[in-house]
Amino acid sequence: MGERTPAQVLRLPHQVTGEQKELVEDCRLDLVNIKHGDLIVLGTDGIFDNLHDSEVCELAQISLEATMGRDKSGPWQIDPNRLAQAYAEAARVRSEDSSARTPFGNLARQAGLQHMGGKMD
């Protein structure tokens with residue numbers, strides 16, 4: 001699982017900030033060194049607004065362990081469909097939880113806005 005440092009392009013959408021235009025020059029660009037065997041997770045704001053980075057990594061680890069079974073010596077593989085379904089289900093459940101502490105809610109509070117619970121898309 002490498003360094004377990006997920007990166008995102010943007011987390012706080014214009015619906016919360018009130019801004020209606022998003023410009024390319026407003027985006028942040030991160031360069032991340034990757035190597036053979038790294039897992040790259042691409043997802044929508046539905047996942048990253050509702051699941052913390054540690055949870056994203058934990059679901060990948062669970063999927064990895066389920067695929068490998070007891071044989072930890074061979075090359076690892078992850079079933080991308082199974083992992084995508086796990087992310088979607090976890091994000092859906094969290095989005096429906098009105099008392100959840102989410103990455104979206106944390107950033108909304110930092111921006112001076114009140115938001116509690118998951119974020120439905």
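Me: Among contacts in the protein chain between residues at least 6 apart in sequence, what percentage join residues at least 24 apart?

Reply: The figure is 57%. Keep in mind that this is a predicted model.

Me: How many helices and strands does the protein chain have?

Reply: Five helices and zero strands. Along the sequence the pattern reads α-α-α-α-α. Of the 121 residues, 26% are buried. The accessible surface comes to about 8700 Å², with 53% of that belonging to carbon and sulfur atoms.

Me: Which residues form the largest nonpolar core?

Reply: General idea to begin with. In soluble globular proteins, nonpolar side chains tend to be buried together. Now the case here. The largest nonpolar core has 12 residues, including Ile 47, Phe 48, Leu 51, Val 56, Leu 59, Ala 60, Leu 83 and Tyr 87. Helices H2 (45-48), H3 (53-68) and H4 (80-95) each supply at least two of its residues. H3 gives the most, with five.

Me: What does Tyr 87 touch?

Reply: Leaving aside residues up to four places away in sequence, Tyr 87 touches Val 41, Ile 47, Leu 51, Val 56, Leu 59 and Ala 60.

Me: How far apart are the end C-alpha atoms of H4?

Reply: They are 22 Å apart. H4 has 16 residues, and at 1.5 Å a residue these should span 22 Å, so the two values agree.

Me: Which residues of H4 are buried, and where do they sit around the axis?

Reply: Start with the geometry. An α-helix has 3.6 residues a turn, so residues three or four places apart point the same way. In H4 the buried residues are Leu 83, Tyr 87, Ala 91, Arg 94 and Ser 95. They cover an arc of only 100 degrees around the axis, which puts them on the same side of H4. These buried residues pack against H2 and H3. The face turned away from the buried side carries the exposed residues Asn 81 and Gln 85.

Me: What happens at the start of H4?

Reply: A side-chain oxygen of Asp 79 comes to within 3.1 Å of the backbone nitrogen of Asn 81.

Me: Is Thr 102 buried or exposed?

Reply: Thr 102 lies in the loop between H4 and H5 (103-110). Buried means under 20% relative accessible area. Thr 102 has 0%, so it is buried.

Me: Which backbone atoms does the side chain of Thr 102 reach?

Reply: One is the backbone nitrogen of Gly 105, at 3.0 Å. Another is the backbone oxygen of Gly 117, at 3.5 Å. Beyond residues up to four places away in sequence, Thr 102 touches Asp 49, Asn 50, His 52, Arg 94, Gly 117 and Gly 118. Arg 94 is also one of the buried residues of H4.

Technical notes:
Residues numbered from 1 in each chain as written. Predicted model: local features only at pLDDT ≥ 70, side-chain atom pairs only at ≥ 80, totals over all residues. Heavy atoms only, no water. Core = buried A, V, L, I, M, F, W, Y, C linked by side-chain atoms within 4.5 Å. Buried < 20%, exposed > 50% of the residue type's maximum accessible area, 1.4 Å probe, protein only. Helix = DSSP H or I, 4+ residues; strand = E, 2+ residues; numbered from the N terminus. Contact = heavy atoms within 4.5 Å. Expected span 1.5 Å × (residues − 1). Arc of directions from axis to C-beta. Polar contact = N/O pair within 3.5 Å; in protein donor to acceptor, adjacent residues only side chain to side chain. Areas by Shrake-Rupley, 256 points an atom, 1.4 Å probe, with all protein chains shown as cover.
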